[in-house]
Each structure stands twice: as structure tokens, then as C-alpha cells.
Amino acid sequence: MTHWVLHVDMDQFIAAVELLRRPELRGLPIVVGGDGDPTKRGVVSTASYEAREFGVHSGMPLRTAAKRCPDAVFLGVDRELYEAASVTIMGTLRELDAVVEVLGWDEAFLGVETDDPEAFAREIQRRVRAATDLDCSVGIGENKLQAKLATGFGKPAGVFRLTYASWFAVLGARPTDVLWGIGSKTAKRLSGLGISSVLELAQTDPRALAALVGPTTGPWLVQLAQGRASSTVDSSPYVARSRSRETTFQQNLEDWDRVRDEVALLGRRVAQDVVQEQRRAVHVVVKVRYAPFDTHTHGRALAAPTSDVEAIEQAAVAALDAFNERRPVRLLGVRAEFEG
Ligand code: TTP
Ligand code: MG
């Protein structure tokens, strides 16, 4: 028996949940976001695969989605419905002979001892479908990184295996931001250093990269590109690392006294969430999305771990002071990060 890591990720999760109660919409481009009115401000939570063909994706303003795909059906977000589906999915996974680590509301790692991981993956898909009528894709790897990346190649409703043996054949020529943990900023920085592909990053001397991007980050990036990562799946309950609240304004806020008031209000709300979770925050981050749509963040460390509402609110307001540009604002967010 061999230890395998399987990564399960639901296909077009919230669109798929919506389709269960609106089967007549199956096959049409669906966009879920905001309250479902694409003339209002808000962002796309998810687009069905049909809508993605038109270039609609998560995080995009609803109005842009409506421009790209005028015939899409727009639906409002119904968080509780998706959370209920998520609970059923995770419950189904826990009934399997595997260690289950929940990674998000539509994805989980499974640690499995088996000689036939594909058969195990098919069994997962069969059970999830029986319990929820929803499809998932399953990635198989020798570690979490390989499994997580494999899932994307299995979509939709498929199974894909990615191991050390196939790593470079599958990913070597791809840009570095396909790697889990490398975003567009890091990829850009790397390509500025002449490192564009996964293979190039994998062949970079970790010490040389450490000198350029930092002693921890440099070697870690090289390791990622080589497909190396932990294979330990941990079943201890999922603990959120942060809590956040945000508001999209239907009209831009131009008065920065109001911006400050809104940040204070969000700071208080987040602080109340922190209190409710009986946790302590160590860091507060403010997100400002200026009109038309550029997003910036600044953070503030708290003097000590705290659940004090005043302290968290004040940290949010202090973080706002780091924003030098006082342009019109379309969205504000405040995130409290918990202690270890
Ligand atoms: P994903 O698994 O990234 O996306 P997906 O399930 O819609 O599609 P895929 O088949 O490619 O996995 O995210 C899961 C759900 O999380 C998604 O349905 C909606 C939600 N979500 C947001 O609300 N906002 C976001 O920015 C993203 C990325 C996801
Ligand atoms: Mg998904």
C-alpha cells in the first residue's frame, strides 16, 4: 500500500448548487454575484463554465461580466445554501477510509493508503454525486502540491494524477504562476529576473534566489517549482486564519472623512466577529478599491494579541492613514488576522 494525497474540488461550485434548484438553466451561461443585478456594483462570485467561455471569471465586476456575456443569467449570492452543500460534501468525504483536511468550502485533501488511487478517486466522485448530485474533480499526487495542481487538469468531473515522474512533462514549460502559492506579482518579479517557466525556476540555484528575493522565499520558490511539498494530511478541524468584512458602495465615496468612518465601522464589525469567535487578532489589514477598479492594502500590527474592539477599530483607522492617495473609493474592506 502506498500513501497518496488526493485533492477534491467541486466543479463550478456555487453555480452548480444554484443549478440544482434551477435545472432549466443547465447549459446556459450563469453568473452568480452580488444580489444578481448586473447593473449594480458587485463582483462575480462564480461563473458557470459556459459563462467562462466568454471571459467571465471570479472577482470581475458584474457590469464587466454583463458586457462580456450579455445573455448570461445573473443570480444573487445565497451563502447559506452553499454552506449547507459544503457541510454535506465534507461529511461525505469523512465517511471514506481516509484522513480528511478541509481546505475551503468546496475543497479538501484526503490522505489515503491504497494501491489504486484512481479507483479511490472514482469512489469519491460516486459518493459525492450520490449525496449531493454535484460533480467534483480529483487530483492525485505524492504530496499536497502535486494533488492540488492535478485537480485543475481533471476538470470537469475528471481524475488526474501528477507525480515527481510526470511533474516537468506536465508543468515544466508553464509560467510560474501555475504553481500553488505563486501569484501574478511574484511571477512578474521572477520573470524580471529571467525566470519565466516552472522548469527555469526549478533549475535556479536556491542560494542565488535567496540573495535576490529573501532567505526563506527564494529556496521555497525553487522547492515549489520542483514539485516538492508536504504529504501530511491533517484532520484537525479547519481553523480560519482571519475574519473580514467589506462593503461595495453603489456610489463612490469621495469624501475621505466618510471613508474613515466606514473603515471604523468595518473595523468594529470585524472586531465583533473576533470576539464572537473567542480569538485574538494580531494584525489588521485595510483594503481600498479605488474607482474605477484598482485595489490596494495596508496593514497594521496590534501592540499585543487582542480582542479589544476599540484597539482593532483604531488599528484599522491607523492602517487607512498609510493610503496616500485620496481618490474616490468604490470598496472598503477590513481583515483581522488571528494569532498563530
Ligand atoms: P473555486 O473552486 O476556485 O471555483 P469553482 O468551484 O467555481 O470552479 P472550479 O470548477 O474551477 O473549481 O472556488 C469555489 C467557490 O468559491 C466558487 O464557486 C465561488 C467561491 N469563490 C468566491 O466567492 N470568490 C472568489 O473569488 C473565488 C475564487 C471563489
Ligand atoms: Mg471548485
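A pocket, on a 1 Å grid over the protein atoms alone, is an open set of points where a 1.4 Å probe fits, with protein on both sides within 12 Å along at least five of seven lines; its lining residues have an atom within 4 Å of a point. The model is predicted, so local features need pLDDT of at least 70 and side-chain atom pairs count only at pLDDT 80 or more, whereas totals for chains, interfaces and linings use all residues. Residues are numbered from 1 along each chain as its sequence is written, chains are lettered from A and ligands numbered from 1 in the order written, and side-chain values use heavy atoms, leaving out hydrogens and water.

**The largest pocket**

Begin by selecting I14, S45, R79, E83 and W105, which lie nearest the centre of the largest pocket among its 47 lining residues. The volume of this pocket is about 1,600 Å³, taken as the space filled by probe spheres set on grid points joined across faces, edges and corners. Next, colour helix α4 (residues 79–94), which gives the lining its largest share, six residues; helices here are DSSP runs of H or I with at least four residues, and strands are runs of E with at least two, numbered from the N terminus. By class, 20 lining residues are nonpolar, 13 polar and 14 charged.

**Ligand 1**

Now display ligand 1, whose space is the largest pocket; a molecule sits in a pocket if more than half of its atoms lie within 2 Å of the grid points. Select the shell of 14 residues around ligand 1, with D9, Q12, T46, Y49 and R52 the closest; a residue counts as near if one of its heavy atoms lies within 4 Å. Elements that each supply at least two shell residues are β1 (2–10), α1 (13–21), β3 (44–47) and α2 (49–52).

Polar contacts (pairs of N or O atoms within 3.5 Å) can be examined next. Oxygen atoms of ligand 1 lie 2.5 Å from a side-chain N or O atom of Y49, 2.6 Å from a polar side-chain atom of T46 and 3.1 Å from a polar backbone atom of I14. Taken alone, ligand 1 exposes 560 Å², of which the protein buries 65%, by the Shrake-Rupley method with a 1.4 Å probe.

**Backbone features**

Return to Q12, in the loop between β1 and α1: this residue is not a glycine, yet its phi is positive, about 35°. Then move to P156, in the loop between α6 (144–154) and β8 (159–162), where a cis peptide bond with omega of about -5° joins K155 and P156. Finish at P292, between β10 (281–290) and β11 (294–306); A291 and P292 are joined by a cis peptide bond, with omega of about -5°.

Methods:
A polar contact is a pair of N or O atoms within 3.5 Å; within protein, one must be able to donate a hydrogen and the other to accept it, and residues adjacent in sequence count only if both atoms are side-chain atoms. Ala, Val, Leu, Ile, Met, Phe, Trp, Tyr, Cys and Pro count as nonpolar, Asp, Glu, Lys and Arg as charged, and the others, Gly among them, as polar.
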